[in-house]
Amino acid sequence: DRTRAIMICNPNNPTGYVYSREELEALRQIVLENDLFLLSDEVYREFVYDGQTHTSVMHLKGIEDRTIMLDSVSKRYSACGARIGMLASKNKEVINAALKFGMARLCPPTIEQVATEAGVDTPQSYFDEVIREYTERRDVMVKMLREMPGVVAPNPKGAFYLVVKLPVDDADRFAQWLLTDFDVDNETVMVAPANGFYSTPGLGKEEVRIAYVLNVEDIKKAMNILRLGLKAYPGRTR
Ligand SMILES: Cc1ncc(COP(=O)(O)O)c(C=O)c1O
């Protein structure tokens, strides 16, 4: 009874999941039946692989006044740190309220605003190249992860993350151990324990999120370090 909105992240951080048109239509139905808003964080919408297409909630019919799309430039142009976020909605009340909040705060940085405006003209060829590169990085990482005994790695269709199941007692402890107790020729890897992404305590205990934002050679090196780390970790379970 207290639910006012559904919020999704599509393509998803941390799983890389991309919602299908059918799933979005189902959400549309739930929104209508229960008098809800639908918020969709689509900052990774250009990063969709294997010929899949991304459907924005802005294209769902009949819920235009209930739909809010959240966006940022930081992923699109590999400009993390650029403080330029935005929202889009056809609901004028929402936009007016957001504008008031915007004016009550300090303005976003001027130089990044100018750069963002110029970024609108980025040719599709840039994104084609980026998608080709990310696909290769994902493929290399997934292949190497699947070759490690006891590791379960999905092959997500979007964003640049994987949530991977590892044969460890506690992914948090394993992530710390990699940083404090393990190295290969003075190098190690850092992974994000996935339990923090779940709202249910206890879930994700054996899972980590890995981002494939390094170049292919560095990914190969990192996966080799992870493989050796899993072998040497005292809390290995399988
Ligand atoms: C799904 C999602 N939305 C928003 C952001 C943040 O964007 P910004 O860099 O504009 O703060 C991130 C960054 O990790 C993200 O993964």
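Helices (H or I, at least four residues) and strands (E, at least two) are DSSP runs, numbered from the N terminus. With that in hand, welcome to a predicted model, in which local features need pLDDT of at least 70, side-chain atom pairs count only at pLDDT 80 or more, and totals for chains, interfaces and linings use all residues. Residues are numbered from 1 along each chain as its sequence is written, and side-chain values use heavy atoms, with hydrogens and water left out.

**Overall fold**

The protein holds six helices and seven strands, and along the sequence they come in the pattern β-α-β-β-β-α-α-α-β-α-β-β-α. Along the principal axes, its C-alpha atoms fill a box of roughly 55 × 45 × 40 Å. Of the 238 residues, 42% count as buried; here buried means under 20% relative accessible area, exposed over 50%, and partly exposed in between (1.4 Å probe, protein chains only).

**Around the ligand**

Which residues surround the ligand? They are Cys9, Asn13, Asp41, Val43, Tyr44, Ser72, Ser74, Lys75 and Arg83, where a residue is near a molecule if one of its heavy atoms lies within 4 Å of it. This shell divides into three nonpolar, three polar and three charged residues.

| Side chain (N or O atom) | Distance to a ligand oxygen atom |
|---|---|
| Asn13 | 2.7 Å |
| Ser72 | 2.6 Å |
| Lys75 | 2.7 Å |

The protein covers 70% of the 400 Å² of accessible area that the ligand has on its own. Accessible areas come from the Shrake-Rupley method with a 1.4 Å probe, and for residues only the protein chains shown count as cover.

**Backbone points to check**

Most residues other than glycine have a negative phi, and most peptide bonds are trans. Against that background, where are the cis bonds? A cis peptide bond joins Asn10 and Pro11, with omega about -5°, and the bond from Asn13 to Pro14 is also cis, with omega near 25°. Pro11 lies in the loop between strand S1 (5-9) and helix H1 (21-34), and Pro14 lies in the loop between S1 and H1 too. Asn13 also belongs to the ligand shell.

Ala159 has a positive phi of about 55° although it is not a glycine. Its place is the loop between helix H4 (124-146) and strand S5 (161-165). Is Ala159 buried or exposed? Ala159 counts as buried because its relative accessibility is 0%. Asp185, another residue other than glycine, has a positive phi near 50°. Asp185 sits in the loop between helix H5 (171-180) and S6 and is exposed, with a relative accessible area of 72%.

Ser78 is found in the loop between strand S3 (67-72) and strand S4 (85-89), and it is exposed at 55% relative accessible area. The C-alpha atoms of Ser78 and Val213 are separated by 9.6 Å, while the two residues are 135 residues apart along the chain.

Phe197 lies in the loop between strand S6 (192-193) and strand S7 (207-211). Phe197 is partly exposed, with a relative accessible area of 40%. Together with Tyr198 and Leu203, Phe197 makes a nonpolar surface patch of about 270 Å². Such patches are made of residues with over 30% relative accessible area and no salt bridge, with nonpolar side chains (Val, Leu, Ile, Met, Phe, Trp, Tyr) joined within 5 Å and like charges within 9 Å. A salt bridge is a side-chain nitrogen of Lys or Arg within 4 Å of a carboxyl oxygen of Asp or Glu.

Definitions and conventions:
Polar contact = N/O pair within 3.5 Å; in protein donor to acceptor, adjacent residues only side chain to side chain. Nonpolar A, V, L, I, M, F, W, Y, C, P; charged D, E, K, R; others polar.
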